Amino acid sequence: MAKNGISKITRQLRLYDTVISVKNGAIYSPAELMDTFDISLRMLQRDLKDLRDSGLINLKYHKASDKYIIAGSAVFDDTASIRRKQHLMRLYRIGTLIHSLPSIDASDFAS
């Protein structure tokens, strides 16, 4: 478990959900994502690498705008160790399920 009490895969899936919910090209700055998820820059970089290596999304840092941008399609890393492949496959499966679900407005449930 991480210091904020959530597991690695949960944090990565929340990061993925946050990133895919933005419709324009520029995503977030590293500082915004680090503050949102209460993680270090190195942890953010590792999580984004896992999302890329799982084949979900490929983000690159754009230095001039200090933002991450979508940079082409991501490809699953077949060269990973067996244990890492298992994590990446689990991340990909759950991530694609999240992406395929319809978005629901919480106000629809308020009475």
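Colleague: How many helices and strands does the protein have?

Modeller: In this predicted model, the protein has four helices and two strands, where a helix is a DSSP run of H or I with at least four residues and a strand a run of E with at least two, both numbered from the N terminus. Along the sequence they follow the pattern α-α-α-β-β-α. Residues are numbered from 1 along each chain as its sequence is written, and side-chain values use heavy atoms, with hydrogens and water left out. Since the model is predicted, local features need pLDDT of at least 70 and side-chain atom pairs count only at pLDDT 80 or more, while totals for chains, interfaces and linings use all residues.

Colleague: What makes Asp17 partly exposed?

Modeller: Its relative accessibility is 39%, and the class runs between buried, under 20%, and exposed, over 50% (1.4 Å probe, protein chains only). Asp17 therefore counts as partly exposed. The residue lies in helix H1, and its C-alpha atom is 7.6 Å from that of His99, 82 residues away along the chain. Over the whole protein of 111 residues, 33% are buried.

Colleague: How do you know on which side of H2 its buried residues lie?

Modeller: The buried residues of helix H2 (residues 30-37) are Pro30, Leu33 and Phe37. They cover an arc of only 70° around the axis, so they sit on the same side of H2; the arc is taken over the directions from the helix axis to the C-beta atoms. The face turned away from the buried side carries the exposed residues Asp35 and Thr36.

Colleague: What do the buried residues of H2 pack against, and what follows the helix?

Modeller: They pack against helix H1 (8-20), helix H3 (41-53), strand S1 (59-62) and strand S2 (67-70). After H2 comes Asp38, with a positive phi near 55°.

Colleague: Which residues touch the most other members of the largest nonpolar core?

Modeller: A nonpolar core is a set of buried Ala, Val, Leu, Ile, Met, Phe, Trp, Tyr and Cys residues joined through side-chain atoms within 4.5 Å. The largest one has 19 residues, and Leu15, Leu44, Leu48, Leu51, Ile57, Leu59 and Tyr68 touch the most other members. H1, H2 and H3 are the elements that give two or more residues to this core. H1 gives the most, six residues. Leaving aside neighbours within four places in sequence, Leu48 is in contact (heavy atoms within 4.5 Å) with Leu15, Leu59 and Tyr68.

Colleague: Why is the Asp47 and Arg11 pair called a salt bridge?

Modeller: Their closest N and O atoms are 2.6 Å apart, and the rule asks for a side-chain nitrogen of Lys or Arg within 4 Å of a carboxyl oxygen of Asp or Glu, so the pair qualifies. Asp47 lies in helix H3 and Arg11 in helix H1, so the bridge ties together parts 36 residues apart in sequence. Both residues are buried. The structure holds seven salt bridges.

Colleague: How do you know that Lys67 and Glu32 form a salt bridge?

Modeller: Their closest N and O atoms are 3.7 Å apart, which meets the same cut-off. This pair links distant parts of the chain, with Lys67 in strand S2 and Glu32 in helix H2, 35 residues apart. Both count as partly exposed because Lys67 has a relative accessibility of 24% and Glu32 has 33%.

Colleague: Why is the pair of Tyr61 and Tyr68 called edge-to-face?

Modeller: The rings are 5.7 Å centre to centre, with 65° between the planes. Tyr61 is partly exposed, at 41% relative accessible area, whereas Tyr68 is buried, at 6%.

Methods: Phe/Tyr/Trp six-rings, centres within 6.5 Å; stacked < 30°, edge-to-face > 60°.
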